[in-house]
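Subject: Structure handover

Hi,

Here is the structure you asked for. My notes follow below it.

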Amino acid sequence: MDDIARHVDLANLRESEMAVDLSADESGQAIYDFIADMYPICRSITGDGVRRTIDLIRNYIPLTTCEVPSGLQVFDWTVPPEWNVRDAYIKNSAGERVVDFKKSNLHLLGYSMPVRGRMALDELKPHLYSDPERPDWTPYRTSYYKTTWGFCLPHNQLLAMPEDDYEVCIDSRLEPGHLTYGDLRLLGRTSDEVLISCHICHPSLCNDNLSGIAVATALAQYLRKMDHRYTYRFVFAPGTIGSIAWLALNEAHVGRVKHGFVVTCAGDPGPVTYKKSRRGNAEIDRAWSYVLKQSGDPYEIEEFSPYGYDERQYCSPGFNLPIGTVMRTPYGKFAEYHSSADNLDFVRPAALRDTLSKAISTIDIIENNACYRSEKPFCEPKLGNYGLYSGLGGVGAGDYQMALLWILNMSDGENSLLDIAERARLPWEMIKQAAAALSGAGLIRSIVPDPAK
Amino acid sequence: MDDIARHVDLANLRESEMAVDLSADESGQAIYDFIADMYPICRSITGDGVRRTIDLIRNYIPLTTCEVPSGLQVFDWTVPPEWNVRDAYIKNSAGERVVDFKKSNLHLLGYSMPVRGRMALDELKPHLYSDPERPDWTPYRTSYYKTTWGFCLPHNQLLAMPEDDYEVCIDSRLEPGHLTYGDLRLLGRTSDEVLISCHICHPSLCNDNLSGIAVATALAQYLRKMDHRYTYRFVFAPGTIGSIAWLALNEAHVGRVKHGFVVTCAGDPGPVTYKKSRRGNAEIDRAWSYVLKQSGDPYEIEEFSPYGYDERQYCSPGFNLPIGTVMRTPYGKFAEYHSSADNLDFVRPAALRDTLSKAISTIDIIENNACYRSEKPFCEPKLGNYGLYSGLGGVGAGDYQMALLWILNMSDGENSLLDIAERARLPWEMIKQAAAALSGAGLIRSIVPDPAK
Amino acid sequence: MDDIARHVDLANLRESEMAVDLSADESGQAIYDFIADMYPICRSITGDGVRRTIDLIRNYIPLTTCEVPSGLQVFDWTVPPEWNVRDAYIKNSAGERVVDFKKSNLHLLGYSMPVRGRMALDELKPHLYSDPERPDWTPYRTSYYKTTWGFCLPHNQLLAMPEDDYEVCIDSRLEPGHLTYGDLRLLGRTSDEVLISCHICHPSLCNDNLSGIAVATALAQYLRKMDHRYTYRFVFAPGTIGSIAWLALNEAHVGRVKHGFVVTCAGDPGPVTYKKSRRGNAEIDRAWSYVLKQSGDPYEIEEFSPYGYDERQYCSPGFNLPIGTVMRTPYGKFAEYHSSADNLDFVRPAALRDTLSKAISTIDIIENNACYRSEKPFCEPKLGNYGLYSGLGGVGAGDYQMALLWILNMSDGENSLLDIAERARLPWEMIKQAAAALSGAGLIRSIVPDPAK
């Protein structure tokens, strides 16, 4: 694996600020604008579009670009040739481009081989892909591993195409090169890692792809400013083959990954959906579930299934990493999925901000969660001695006093703060503050070093 | 135990075919016809009626007849004297048979001692059994272990009996002899056994008794034609004492029994009821539950209770065998239970075929269920390399592709195919086919030898 | 701990009988009358009121009085000075007592320091406590550990108090002395203990305090007359500091406590509420739940929470005793809670008797519950051989026969009689009788010595 090129050109980092005020819906505009910047680029699982996308991300966070050579064996897969496209079209006999890659990169079947020639409609038709169920939209289709070529277009347009002598041109190159991904490590107080992953291989598609990239970038930027217990690993990689390559190249270290999630489809107006990791009861599963339940917003929690995004690889049985998937409307459940309608109109600033905000809330739990042990386990400690009791005898306890009592009672080294918050049905923020107060008073002690510093 | 006679007269086997087309309701007629053949015989827990019944079964399958001598101690029980009846009646003073064993063997209290005499109604009445709640039917009653005599008759008939000088005759013998049961072993690829048991001690009663015998016979005939992993053991034995004798005589080998079920009440028009084994979560419990759920038909699943049929013995705490009970309407929950109304009108060909069909589906699961281990546990294998992927990128997965993915993802040696089918909510047939394809491609390997060959 | 005085003056015991017929609602009057006797006394966490209360209890049961000196450190707490009150009032300038401790001891803030002086309303007001939400009742308030003084009065009275020159007198003493609690041990056949605890620190409050004392006293009197497996420990102690002192003084022996409950708020007309121990599935939790479910009466079962009565101390993580809490309407859920309206009108004889009766039913389960092992685990034993079967073959089993079968089937040493009763859904009494019959017949044997003698 010595042939993997890695470079991070720190001198060229612009260090732009993607300003997101978590409490203001409209502040999602900064995330949205970043999506708009990336939208026109023709991405695929390899090629210059991925590199340009990573360069745009590097305007905000110091991503390392990794180049994995074509032909490298990664588990059961082989890194494919690199694909780049200069132009692609179908011209009619009048010389008009009736299907034009330059108008929308979705028009070209992903990984189309180079083609140049003239043909009748009958000969052309087997290479034309459309979606009869959504006849006005161009579908997104690829053929990475079976060498062929094709164009995608609205079904109505396909039906209207007259018999003619068509000129077909695909000026693409499929040749040895590299698969490119971006990797960022934000060192924490411990070497335990949280992995946040998104795919970067879809062309001009907003919700399925760009929303995940933009939210992950904003989240990385947020984390860079804070002191954190975990080391955060962000992976921006092409779907499937990219995460497989990353796992192959990082196999020795994946044991460090204690939590993580894939983020995608993060900007549509639907409620947040959390799909659990294969383990089903990992701390990340419980933290996301708790955040969604406490939010008061509508939400969905799905069991793991082996279909979806790169959780398929992270949660393969040999790895079985505690990694879930964060989405709003899941793949395949919104009509615009994998079509030209998944465009800049479909994603919303407020939804992007909301996804980011809930990810940050979840990370706050992960960061601060720990099992404590009471230092005064026999009977209740006399809270008044520690300045933690005020009030008159005879009146009931308020929520904060209940949080103190719950933590003291449950802290036998077996129950984490998240366990306690769930059982007490109290807000995380209150449990966290109460734990800090009790810890500060010397009444509880974490059973692991440095949970919350 | 050397005094147990066993004989299977292979030369005399007729090897008739009970033709059952599992997909055609009316094909249950063949099972029904077999019930009609057995219906007139006076069976009890011992005697020639049992022998004649076993001989009828031997028209279809090569059952071994086992003769256990009276007086043999089997666990806490003693094999009783053998009981046979030539005739029994109550005549009025006009010489008319007002209660006649020859008209229905239900009229005689099972195991009645020989009696001959004349008596007034008052003296006779303590020996007359009727069911006031169902006054037109003759109830079925027995007294195996308390020596007495009696007649059973419709309550309305009892009420109408005039004072008279009655002649009572019970020409029965109660003398040392044998308890008879039938045993069939169908050798499989392994010595692990599936036990299928039914009782054969009820006289002219169709649902409670004959339906179980007939369905078990048809099932054995079906299994004889197939290659199977398990060795199948069919026990056709008198209720309670018969299964106790079988367990006593086979105690050394019951550890081989990995699954099993008792079958009875298999022909009434109600939905199938599966009563779980004492273990409650045995593979047989889960397989039957899955088949019933997937069937789309109404069904009932009951928890184990220590009352019912021979599961009482198989599931006694010392054995605790994984044996459930398959019924349609359970004992005691149909009005005709243990009465003359449980006759040839009460059982239905289609119901008999349906019970058989579901038993065969359950056996198909047991036969093919196994835990596999992925041979490519790190990331997904590239299914296209094995001819297991077709289609274009960008389109969702069909059910069969999902079955492949579920099996690959869950095959960590801990999850059986049945576990996976339940979690994936996919039909068993599809999971089975997908597992065969993956196994054939070398992508998964069973953790036990020879699950499905 | 040698300075703890213990005395039980057996010569002076009156040994009165609190006659309670468990089957007659009106027999609760005897418990009610005892409450009426205790009602006028001014109790607090220390002082002569507690001593007089214990003396009243000692009319019925031979309680040991324990005196714990002020200043003794008990875990994180210190036994406070002893508090006694001779008189307390607020007089207006006309010399009329407008707030008078002699009319109701609730008027004085618990643990008020001595005060004597004259002051205007403005100066007085910070020392006046009322409940605006229940303006006609005097609230119950205390300040045990923060030295201050105050009066409690109805809010409407407070609002109506004119500007005046008030004379304030609190003739109390706060000086080194003792904390007093009562302890009773009823020796059983084993040294394993059942702990029954109630608090005795509330002044003229009936449901929250006196009902628990009276029911616990009646229960102790009931237990004194029976032979019991467990040793019963009754603790009548001031809330919080009293149970903490008891735990500190008995720390070496609390491992003997196998079951227990706190009893309080036992006399209001609401349904019985059982709050589970911290363990949540302790035998006492299951026994109380079973009794409440089987009763046919409305009931509530609550999960443990670290707020309430002395279960807070018994269930602190270092002890984690299997101790629940028995109430009718829980603290804080009845309007009269901690107010002058929790008076003799609020508690009802029938409710008191019902709480006692259910406690006795629960104790009957605890006393007789055990895991048995069948002595005939292979197949069913032939019950007729032991006089445990009567009836004719062909008829279904009655409840008692089912109880016999359930116990025989489940008695593998793993399932207790309570497990079996729950699974069989049969009344405890029937299960207990059936177990006795089977044990008497030598068919089952307890896996622990002496469960039911």
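A salt bridge here is a side-chain nitrogen of Lys or Arg within 4 Å of a carboxyl oxygen of Asp or Glu. This is a predicted model, with local features needing pLDDT of at least 70, side-chain atom pairs counting only at pLDDT 80 or more, and totals for chains, interfaces and linings using all residues. Residues are numbered from 1 along each chain as written, chains are lettered from A in the order written, and side-chain values use heavy atoms, without hydrogens and water.

Salt bridges first. Over all chains the count is 85. In chain C, Lys276(C) pairs with Glu303(C), with the closest N and O atoms 3.1 Å apart. Lys276(C) sits in the loop between β15 and α7, and Glu303(C) in the loop between β16 and α8, so the pair ties together parts 27 residues apart in sequence. Lys276(C) is buried at 17% relative accessible area (buried is under 20%, exposed over 50%, partly exposed in between; 1.4 Å probe, protein chains only).

Arg256(A) bridges to Glu193(A), closest N and O atoms 3.8 Å apart. That pair ties together parts 63 residues apart in sequence. Arg256(A) is partly exposed at 30%. Glu193(A) is buried at 2%.

Now the copies. Chain C superposes on chain B by a rotation of 120 degrees, with 0.0 Å of shift along the axis and an RMSD of 0.1 Å (least squares on C-alpha atoms of residues with pLDDT of at least 70 in both). The two are thus related as by a three-fold rotation axis.

Finally, chain A. Its C-alpha trace spans about 95 × 45 × 40 Å along its principal axes. Of its 453 residues, 61% are buried.

Best wishes

Notes: Helix = DSSP H or I, 4+ residues; strand = E, 2+ residues; numbered from the N terminus.
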